Amino acid sequence: MTKKRPNIVLILTDDHAAHAISAYGSVVNETPRIDEIAAAGRRVDHCYATNSLCSPSRASILTGTYSHINGVSTLETPIDASQPTFISQLREAGYRTGIVGKWHMGEGEGHNPQNFDSWAVLRDQGEYFDPQLLTEDGVHIESGYVTDIITDLSVKWVESLDGDEPWCLMIHHKAPHRSWEPDPAHADMYRDPIPVPDTFDDDYADRSSAAKHATMRIADYLTIEDLKEFPPEGLTPEELALWKYQRYMEDYLRCVASVDDNVGRVVDWLKERGDFDDTLLMYTSDQGFFLGDHGWFDKRFMYEESIKMPLLVSWPARIAPGAPMEQMVTNVDFAQTILEAAGVEPHARMQGMSFLPQLTDEPDRPTRDAIYYRYYENDDQHHHALAHYGVRTERYKLIYFYNDGMGIPGTSPHQFVPEWELYDMQVDPDELHNVYHRPEYAQVREELKVTLWELQKDLDDRPHPSQPVPELLATSA
Ligand code: CA
């Protein structure tokens, strides 16, 4: 068994859903180069974002903490970049550290990347073509397509290193984030009709009010900037919705195709250097994405397509290729997993658990029984997703929309009573039927509320003031 400290490459895309990766059984595209990572290592089937939004997920990955601890709970709450991260821990242990691409956790004093030997990051959401890159020396423009440029600069940084100390490289792509602008090399792909998900016509009838309140329906809320062309005239509403879906997915998948090519470049480059076997290579995305599921684009909700992160991991020196890992992990766990692989102690503040044992010599070791989720942006003006939190176990999902009317300033007011949702994913994997009020689920419901309560306590979060004490706790007291 090698004792060599691995190099680490974390490829993080933005909004790349697992169901647009062929290793996960995609029916809409092929991603042969991303699949190579799974073939050389493991596919993780139950990896979840703990707050399904770009900046918060990035902060959780970096710091190994939940949003309420790292402070990046929304897109409007920049990171205090001086807080401990797996990068600061690695650097202290002698790793060289670099990041190229999307940062999106604030810009300026205190918010720019820290503890990186080299950093070059897009400003805010960044541009697909001729992007501006911020470095220690200021802002400059790189000409070309962003996914290629991020890969070029990433490789260039590693090639510039001397010496034998290991290195950690974060390749953070902008793609395939809205507004889904493909490069000319992929612009003609996916002309054939793209399969439409079964839940495309979801009317949210058997759900709380939150799903109906959101403005994320493809049929109604994609803009002309998203679609990039006007629809043909004379379509029925149903035909128009399908036309928009096709247009959306074409560009989304074309952006993914460029990511796939560039992942292939990284894999080839690692192999050519003779580094592939001793590199912990991870491919993931900051969250999932609705690809017409429930009629939606975007993410935010605690529903499965949104919170599920793709995660493919290879490290041939330590990880034998094998069956998909089934245990539940979260983005908060990445930091400690990477640190354990590097033989570096985690920071005491980190809240996750390493899943390296499950990937290496203890494949059956349990992780956790339940994951905690919390989405903070309340009724933002573009998506109108309402704030909520909840727990997901292997079988069930309990969600609490507190509906307190305290939305983001300047957005549409709403004032409802709190609403709960409960899904039994064993009988309803698409999460179409809220069974919270069904008597046969009363016991499960109250047990999950206790789990929620306990997780909030363990993780130092504060429940919303309206959250009732679970009956099971109230009666046993
Ligand atoms: Ca994202």
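Asp 461 and Arg 374 are both buried, and in this predicted model their side chains meet in a salt bridge with 3.0 Å from N to O. Asp 461 sits in the loop between helix 13 (442–458) and helix 14 (471–476) while Arg 374 belongs to strand 11 (residues 370–375), so this pair ties together parts that are 87 residues apart in sequence.

**Salt bridges**

- The count of salt bridges comes to 37, and the pair of Asp 461 and Arg 374 described above is one example of such a bridge.
- Asp 202 forms a salt bridge with Arg 207, where the closest N and O atoms are 2.2 Å apart, and both Asp 202 and Arg 207 are buried.
- Lys 299 forms a salt bridge with Asp 15, and here the closest N and O atoms are 3.1 Å apart.
- This bridge links distant parts of the chain, since Lys 299 is in the loop between strand 8 and helix 10, whereas Asp 15 is in the loop between strand 1 and helix 1, 284 residues apart.

**The calcium site**

- Which protein atoms are the donors of the calcium ion? The donors come from Asp 14 (OD), Asp 15 (OD), Cys 54 (SG), Asp 286 (OD), Asp 286 (OD) and Gln 287 (OE1), and they lie 2.2 to 2.6 Å from the ion.
- Along the chain, the donors of the calcium ion follow the spacing D-D-x38-C-x231-D-Q.
- Asp 14 lies in the loop between strand 1 (7–13) and helix 1 (32–40), and Asp 286 lies in the loop between strand 8 (279–285) and helix 10 (304–307), so this pair ties together parts that are 272 residues apart in sequence.
- Asp 14 and Asp 286 are both buried.
- The angles among the six donor atoms run from 52 to 168°, and the site is irregular.
- For comparison, the ideal angles at a metal with six octahedral donors are 90 or 180 degrees.

- At the interface, 27 residues of domain 1 are in contact with 28 residues of domain 2.
- Between them, domain 1 and domain 2 bury about 2200 Å², with 60% of this area on carbon and sulfur atoms.
- How many salt bridges are found across the interface of domain 1 and domain 2? There are four salt bridges across this interface.

**Two buried helices**

- Helix 2 (residues 54–63) is mostly covered, with ten of its ten residues buried; among them are Cys 54, Arg 58 and Ile 61.
- The elements that cover the buried residues of helix 2 include strand 1, helix 3 (67–70), helix 4 (86–92), strand 7, strand 9 (308–314) and helix 11.
- Just after helix 2 comes Gly 64, which takes a positive phi of about 70°.
- Eight of the nine residues of helix 11 (residues 334–342) are buried, so helix 11 is largely enclosed by the rest of the structure.
- The buried residues of helix 11 include Phe 334, Gln 336, Ile 338 and Leu 339, and the helix is followed by Gly 343, whose phi is positive and near 70°.

**His 172**

- His 172 is found in strand 7 (residues 167–172), and at 5% relative accessibility this residue counts as buried.
- Leaving aside residues up to four places away in sequence, His 172 touches Leu 10, Leu 12, Arg 58, Ile 99, Val 100, Gly 101, Lys 102 and Ile 150.
- His 172 and Ser 154 are 18 residues apart along the chain, and their C-alpha atoms are separated by 9.5 Å.

Terms used
Residues numbered from 1 in each chain as written. Predicted model: local features only at pLDDT ≥ 70, side-chain atom pairs only at ≥ 80, totals over all residues. Heavy atoms only, no water. Donors = N, O, S within 2.8 Å, 3.2 Å for Na, K, Ca; no water. Tetrahedral: all angles 85-135°; square planar, octahedral: opposite > 155°, others 65-115°. Helix = DSSP H or I, 4+ residues; strand = E, 2+ residues; numbered from the N terminus. Buried < 20%, exposed > 50% of the residue type's maximum accessible area, 1.4 Å probe, protein only. Contact = heavy atoms within 4.5 Å. Buried area = accessible area lost by both parts, 1.4 Å probe.
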